[in-house]
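The following note is intended for a colleague who is meeting this structure for the first time. Please read the numbered points alongside the sequence and the model.

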Amino acid sequence: MVYRVTLIPGDGIGPEVTEAARRCVEATGVRIEWEVVEAGEKVAEEKGTPLPEEVLESVRRTGVALKGPITTPVGKGFRSVNVALRQALDLYANVRPCRWYRGVRSRYEGVDLVVIRENTEDLYAGVEFERGREDTRQFLEFLRKLRGVSLREDSGVSLKPISAWASERIVRFAFEYARRNGRRKVTAVHKANILKFSDGLFLETARRVASEYPDIEFEDRIVDNMSMQLVQKPELYDVLVCPNLYGDILSDLCAGLVGGLGVAPSANVGERGAVFEPVHGSAPKHAGKNRANPTAAILSAVMMLRHLGEAEAASRLEGAVARVIAEGKRVTYDLKPDPSDPSAVGTREMADAIIEALERSA
Ligand code: NAD
């Protein structure tokens with residue numbers, strides 16, 4: 001079987017790390033026809049938009065994309081490429097595995113968590129009222145009349161919509177993910193004690209969905225307590241399912257638990273497709289220098305292989321990454337105890353080492 005996959009190299013270090021990931025995927029023997037399409041800074045200059053229609057067309061057609069990071073031009077008014085992709089494919093679930101690999105310097109060892117974040121609602125729904133505007137004044141007046149609530153007239157307001165429908169969809173996704181990936185527990189994160197009608201609805205829905213999955217343990221945590229527990233005893237947790245804002249914050253916290261950006265992969269998944277990308281940005285200062293750590297992009301490709309149903313190839317590639325990191329020899333500067341260690345290798349050479357480890361395991 002040959003899979004068609006959209007490859008978006010992206011900006012900065014994107015082309016280098018996605019090339020490393022592409023070579024590693026090909027070395028697994030899984031056959032992929034890549035549709036390479038350009039998005040980001042370079043095309044923005046040429047075509048006047050960082051997200052040309054052919055990119056969206058390709059992702060809609062293939063339903064699967066491996067993507068490099070894209071620089072967000074400051075002050076040029078381009079819509080965010082990531083938001084546009086998410087909307088075009090209705091990518092409602094953000095999945096961030098946070099797994100510690102032996103050899104990565106970190107305060108914690110043995111952490112193996114997955115943060116699943118709802119991507120479409122909550123404070124990120126984009127329903128905001130700017131201080132001082134006429135529509136804001138009318139909204140504040142409406143609140144006063146409807147609920148007798150008097151907010152200061154110099155307030156700005158951001159709404160936090162959470163629906164039963166989207167909550168059910170994300171919690172179900174989390175349980176299905178847990179089942180498919182042999183996970184034992186799902187923890188719903190919320191602040192339902194205070195936000196009774198938004199987070200309360202999320203929690204109520206999570207409990208109802210959980211009753212349909214008796215094979216997976218379920219519990220809930222209030223987000224502040226969750227933050228402390230993750231720092232004190234992260235090994236107690238497995239899959240976390242969160243509304244948008246808490247998921248955003250906790251997924252970075254969890255990436256920090258396992259060694260940070262260089263090793264953090266992610267997926268944005270919907271019914272019609274999925275986009276896999278490293279969590280890190282385009283790191284312009286390393287661009288074109290064959291210096292960036294390709295691990296996050298390669299682990300994103302591991303997630304992509306699992307999504308395509310190539311679980312065995314995915315596990316072999318992940319194992320090869322883990323062995324190269326544990327050995328600690330042919331790794332990039334950021335994975336060395338001393339970042340100025342002259343024995344650090346480049347992006348390409350670390351990918352070569354992973355491919356050799358993969359071939360040795362075949
Ligand atoms: P960044 O992730 O690019 O860099 C943060 C720090 O981590 C820098 O010191 C960088 O050198 C280092 N770093 C990141 N990835 C690395 C790697 N693979 N190997 C070694 N070191 C690495 O974050 P930033 O500087 O805030 O953002 C730069 C640009 O990337 C911005 O334009 C931002 O909007 C964009 N960005 C894009 C995405 C995306 O497309 N998904 C995500 C985050 C940031």
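1. Arg169 is buried, with a relative accessible area of 13%; buried means under 20% relative accessible area, computed with a 1.4 Å probe and the protein chains only. Arg169 belongs to helix H6, residues 164–180, where a helix is a DSSP run (H or I) of at least four residues, numbered from the N terminus. Leaving aside residues up to four places away in sequence, Arg169 touches Asp90, Tyr92 and Thr120, contact meaning heavy atoms within 4.5 Å.

2. This is a predicted model, in which local features need pLDDT of at least 70 and side-chain atom pairs count only at pLDDT 80 or more, while totals for chains, interfaces and linings use all residues. Residues are numbered from 1 along each chain as its sequence is written, and side-chain values use heavy atoms, without hydrogens and water.

3. Strand S1 (residues 2–8) is largely enclosed by the rest of the structure, because five of its seven residues are buried. A strand is a DSSP run (E) of at least two residues. S1 runs parallel to strand S2 (residues 31–36), to which six bridges join it; two strands pair if DSSP finds at least two bridges between them. Leu7 has Val36 as its bridge partner in S2.

4. Oxygen atoms of the ligand lie 2.8 Å from a backbone N or O atom of Ile70, 3.0 Å from a polar side-chain atom of Thr72 and 3.0 Å from a polar backbone atom of Ser282. The protein covers 67% of the 810 Å² of accessible area that the ligand has on its own, by the Shrake-Rupley method with a 1.4 Å probe.

Notes:
A polar contact is a pair of N or O atoms within 3.5 Å; within protein, one must be able to donate a hydrogen and the other to accept it, and residues adjacent in sequence count only if both atoms are side-chain atoms. Buried means under 20% relative accessible area, exposed over 50%, partly exposed in between (1.4 Å probe, protein chains only).
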